[in-house]
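Q: I have a model open and want to learn how to read its features. Where do we start?

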Amino acid sequence: MTSVPHRAEPNRSVPAIELRRVAKSFGTVQVCRDVDLAIRQGEFVTLLGPSGCGKTTTLNMVAGLEDCTDGDILLAGRRVNELSPVERDVAMVFQNYALYPHMTVAENIGFTLRMRRVPRAEIEARVAAIAASLELSHVLGRLPAQLSGGQQQRVAIGRALVREPRIFLFDEPFSNLDAALRVKMRAEVKQLHQRLGVTSLFVTHDQEEAMSISDRIAVMNRGRVEQFGTPEEIYARPATRYVASFIGSPQIELMSGVVEVRDGRPTVPLGSARLTLPEEAGVRPGQRVEVGVRPEHVRLGGESLSATVRLVQPVGPATHVVLDWDGGSLTTTLPGFSRLRPGETVTAGIDPRDVLVFDQETGLRL
Amino acid sequence: MASTATFEQRRRYAGLFLVAPAILVLVAILGYPIVESLMLALHKVQLSAGAIQRSFIGLGNFERLLADETFRRAALNTLYFSVAEVVLVVVLSFAIALLLNHPLGRPGLFRILLVVPWAIAPVANAVLWKWILNANYGVLNGLLQALGVIDTYQVWLGTPASALNFLLLVDVWKSVPFVALLLLAGLQRVPSILYRAAYMDGASRFQAFRHVTLPSMRGAIAIAVVLQTIWSLRVFDLVFVLTRGGPADATVLMNFLAYRVTFNFLDIGYGAAIANVIFILTLLLAILYIRLVRPAEGAAR
């Protein structure tokens, strides 16, 4: 039914993409170090991180556009370090589309088949099928410059699709689109993946994009993978302070303090308030920690602390309210439109089970 | 009045005011000679006893051109010279631009070396080559004899078969640098991401050159071809210094013929007619050039 048939993957237990202690340096600058990843057949994985964290370099190494300085890259169990992209059977969607400006949409999509000397009739049939599935049939004769941003994006995806590759690579493909279109294309790519089931590696710096599209996310920081897990794991159980603060909007609130035991439970005093820590956090009295609280876990009306409203920011489905008290400030997310006014005094409560505790020195979650 | 004008109008007035002096100068030094030369071409002009006598003969001078053996010879020489030079210059320049665009060719030294032939004053360049090609002491003769290519010294510029080709060689040598830089600029404007995309698409180096580089360079190549054609049509200095049109008119190009007819034969009206033929050809090419350059500016985003 679809133009790109499912591939019969021989052995689902062998990772589709495996990186073993992969490192990359440009001269003395080390961009990636000790990157270990194992991506399952058919999985959609995102490399997430700020610019300069090594995510695009990692993607380029999987693509075969850059060599690794150290380590091995295996695709379906086979070491591919020295192979070209075509031999690796991977296709890539580039950040700025990288469409050939002098070729029509049909020529752009069919270019890779032409390079492989596929018969002309077959090229035409495959391009037509891809174009139909991406709603590009009516613009096949146009040049890229005559298309809208979303259409250009779809041509770039079509160019990758037409090869029926074993792996799709996406390098920040939506960064040139406006916000509304970005959300739309995100959904299209996810549906495409659900339909075709081709293993995909996606690079972005947009945490919301990563959360919404991925089966698993690898959060990268300074050339390393800080955490590799499902969106839920990454959000609810971040491995490090860095991951906790990178994921979530508004950002998680981090406050540092010293552990004290009260009534047999670990707590951290913050100004006049006292935050109870979860039982399972392995902390000892006197330990310097950072506690993190996500906005949706701060409930108004509790008795953890009493604070003053500083800022009320409605965003439609929710309202972000910034609270000040003598121990710091907290953001809380309330559903719908709030009637709170700046200067009002409120009380807030935080369930100990929702508090994330990080070691002050190592940044690891306890 | 200024207070009632919109900003748009004020800008337009200011623009006119600022370009007016330049336009007056251009009319005086370009417009007047063009009109005067066209008038000359329509007259029979004779110098006798120190006085100029003009008599209007309409298109008579141009009719003479059609029957003139020497003019036909000059036109054929010019055609051969221009076509050969454009092909040689563009192909060589493209090759050099590709080398300079390669990471190993990036150092500025290569670019400096490249520009030298172009930077030498035209007449100095011609004199330089006159010595290189000299029949008795020329370094080319010495070199070729030492390498065993020739037995005896050749009179390169005195042989009808070779003289025009040596002029061609010298002019190509002088013209390549500019065109190479022009094409290099074009090469550098091809986004490198396209080469990555072509590599991912499985294109070989040659296929990437054919399907990415060449189509992206179409505009730059067209501009190079038109400019070089204009310059080839206008060659005068080399002929004047190296051969004076000889041997046996083998190196007479149209521009040199116009000079010879006007200043050696003092047939001023006829010389002006030849000059006007060159002028019209160049003008057409210049219009083509401007058309080629304009859309490139419009498309630049």
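Q: What radius of gyration does chain B have, against a compact globule of 301 residues?
A: This is a predicted model. Set the value for the chain beside the value for a globule. A compact globule of 301 residues would come near 19 Å, but chain B has 24 Å. Now take the spans along the principal axes. The C-alpha trace of chain B covers about 85 × 80 × 30 Å.

Q: How many helices and strands does chain B have?
A: Chain B has 13 helices and two strands.

Q: At what angle do helix 3 and helix 5 of chain A cross?
A: Read the distance and the angle together. The axes of helix 3 (residues 105-115) and helix 5 (residues 149-161) of chain A come within 7 Å and cross at roughly 30 degrees. Angles under 35 degrees count as roughly parallel. Helix 3 and helix 5 of chain A are therefore roughly parallel to each other. Their crossing is right-handed.

Q: Which residues meet in this helix pair?
A: Helix 3 of chain A brings A:Val105, A:Asn108, A:Ile109 and A:Thr112. Helix 5 of chain A brings A:Val155, A:Gly158 and A:Arg159. The residues of this contact divide into three nonpolar, three polar and one charged.

Q: In what order do the four strands of the open sheet in chain A lie?
A: The order is 18-17-16-19, and the pairing is antiparallel. Strand 18 (328-335) and strand 19 (345-350) of chain A stand at the edges. Each has a single partner strand, so one side of each is left without a neighbour in the sheet. The twist averages 50 degrees from one strand to the next.

Q: How many bridges join strand 16 to strand 19 of chain A?
A: Seven bridges join strand 16 (residues 298-314) of chain A to strand 19 of chain A, and the two run antiparallel. For a residue-level check, go to A:Leu300. Its bridge partner in strand 19 of chain A is A:Ala348.

Definitions and conventions:
Residues numbered from 1 in each chain as written. Chains lettered and ligands numbered in written order. Predicted model: local features only at pLDDT ≥ 70, side-chain atom pairs only at ≥ 80, totals over all residues. Axes fitted to C-alpha atoms, helices over the stretch in contact; angles between N-to-C directions. Parallel < 35°, antiparallel > 145°, perpendicular 65-115°, else oblique. Left-handed = near helix turned anticlockwise from the far one by under 90°. Contact = placed C-beta atoms within 7 Å. Nonpolar A, V, L, I, M, F, W, Y, C, P; charged D, E, K, R; others polar. Pairing = 2+ DSSP bridges. Rg over C-alpha atoms; globule rule 2.2 N^0.38 Å.
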